[in-house]
Amino acid sequence: MPGEANHSSSPRAGDAIRPSGSWLARVDAASGAGAASCFGCKKCSNGCPLTFAMDLHPYQVVRYLQLGQIEKLEKCRTIWLCASCQTCLTRCPNEVDLPRLMDWLTETVFKRGEEAAEERVLLFHRLFLNDVAKRGRVFEGSLMAGYLLKTGGAFGVEALANARLGLRMLKKGRMKLLPAGTKDKAWLKALFKEAKEKGDV
Amino acid sequence: MFKVSYYPGCSLEATARDYAESIAGVAGLMDVKFNELKDWNCCGATAAHSLDHRVTLNLAARNLALAQGQAQPLVVPCALCFNRLASARHELLEDSSLIIDEIARLGTDYQSVQVLELNEFFTTPQMIALAESRLEQDLTGLKPVCYYGCQGQRPPAVTGKKDYENPQGLDRLLSGLGAEVLDWPFKTDCCGASHAVARPELVFTLVARLYQWALERGANCLVTGCQMCQANLDMYQEQISRQMGREVYLPVFYFTELMGLALGHQQTNKWLGRHLVSPRLLLENSGLPRGVWERL
C-alpha cells in the first residue's frame, strides 16, 4: 500500500484511512441522501433500534462515505440489517436520508453481483422480488418454502420449526393455498425485462 | 356513507386474513364503503426498495395510477404498503422520469391521490364519535398498550403525521370504547418487520423488549394497526417467552377487531380465532360476555 512504510511505527498502519472526496458527491447526487450535510451529532445512531447487531453504526456509514471509504460500506452488515424504520431520518437535524443511502448501497452491491455481508437477507429479498416479477403479487406460502429450501434444505432444523409454525398458521386459516396475481401482466413483463436481462432478479 | 378507495396489499390475503375480515366487518358497522382498487399489484415491500429503486417506484406508480379518478382518499391498512405508496408519491411529484411507458400511460396525476393509513382514517374525531355512539360492549378489563410501529408514522414529510413521536389516535379510539389504555414509550419502535425470515433472532430481541415494557406498564394486551407488527408479536410469543425466561401472555389485537367487539359484530370470535396467542383467557377474565370468547 503506498505510504505504508512511513506509518510502520503505528500499530494499525495497514488500516489507516486515506480520505478521498471522490465518492461523497457522486453518491449524494445519485441517491439524494444528502450525506454531505452530516455534522456528526449521532442522533441517528442513538435512536436506531438495530445498532446492537450492526458492525457500523449509522453515523459511521455517513462518515465513511464522507471519507470516500466506499468499499468498507459495500462490505458491511449494517446496510443489510437496517430495517428502514426511518427513525434516523426523522430525527436528523440535517435531514440526511440514511435509509435511502442504505438502499443505494445494497442495490449497488446486488447489481454488481457481489457477495452480500448478510447473504440470507439478500436471498430473501431476491426471492421476494422474483415472486413479484412472476405474478405481480406475493404468495407468502411458496416464498417461505423457497427460502427454506435454499437455506437449510427441506429437512433442516429451521425448515422443520417453520413447517410446524406453518401448519399452525394453516389451521388458523392464515395461509393461502393458491397464489393470486394481477390480471394484466404486460406492464410487469416490461418492468422486469431490463432487470432480467442484466440477470438481476 | 363514507365512500373511499382501498388497497389491501398481499398480506391481507393470507397471514393477515383476520385483519382483512375485521376491516370488512367494521366497515359495515361504521357506514364505510371500501372500494378495492381493481387489479392492484404488490408494493414491492422491503425487497424492492432494497434492491431496485426503479422497480419500487414503478410498482407504487401503477397502484397510484389505478386510484386516479376513484373515490379519495386511498385507504391502506398495511403500514408498509402505506409507506411505500406515500414515499413513492412524494418522490414522483418531484420527478417521475423513472416510470416506464406501460405504467405512465395509466395516468400520472399523482397529486390527485391522497394516501391514508387505515388507523388514521378510523381515528378522526368524527369517526371516534361515531364509534362511541354505536358502542354495544364496553371493553372493560382490557388494558392495552397501543403499538403503532414505524412505517405508518415516519418520516413525517412523507406520512403527513403530526404526532409521529407519540401518536394518540388508537389510544383515543380505544379509550372511547371503554378500554383502560396505558401510555408507554415504545409506541413507534421497530419490531424488525421482514427480518423475521432471514434474521429471526433480531426480531426476537426487539419484540422481547416490547413485551418487557408492555408488562412493566401493566398491560394485558397489545393493539396494533400493522400486520407485520401483529405477526411478529403474535407468532413467536411462545418462543420469545421461553428465551426471556419469563411467562408472557399478551394477546395481540388489530384495533379493528376490538372495534368489532365493542360495536357488537357477530363474527368477532372468528377473527380472534385466527390468532396464535388465543385471547380467550384474557377476554374471559375481563368479564366480557361468553359469546365473544367461548368458541375461541
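Analyst: In chain B, strands β1 (residues 2-6) and β3 (residues 74-76) pair in the parallel sense over 2 bridges. Two strands count as paired if DSSP finds at least two bridges between them. Helices (H or I, at least four residues) and strands (E, at least two) are DSSP runs, numbered from the N terminus. This is a predicted model: local features need pLDDT of at least 70, side-chain atom pairs count only at pLDDT 80 or more, and totals for chains, interfaces and linings use all residues. Residues are numbered from 1 along each chain as its sequence is written, and chains are lettered from A and ligands numbered from 1 in the order in which they are written.

User: What stands opposite B:Y6 in β3(B)?
Analyst: B:V75 does.

User: In what order do the 4 strands of the open sheet in chain B run?
Analyst: The order is β2-β1-β3-β4, with parallel pairing. At the edges are β2 (32-36) and β4 (115-117) of chain B, each pairing on one side only.

User: New topic. Is B:L139 buried or exposed?
Analyst: B:L139 is buried, because 25 other C-beta atoms lie within 10 Å. The cut-offs are 20 or more for buried, 12 or fewer for exposed and partly exposed in between, with C-beta atoms placed from the backbone.

User: Where does B:L139 lie in chain B?
Analyst: B:L139 is in the loop between α7 (125-133) and β5 (144-147) of chain B. Its C-alpha atom is separated by 18 Å from that of B:N119, 20 residues apart along the chain.
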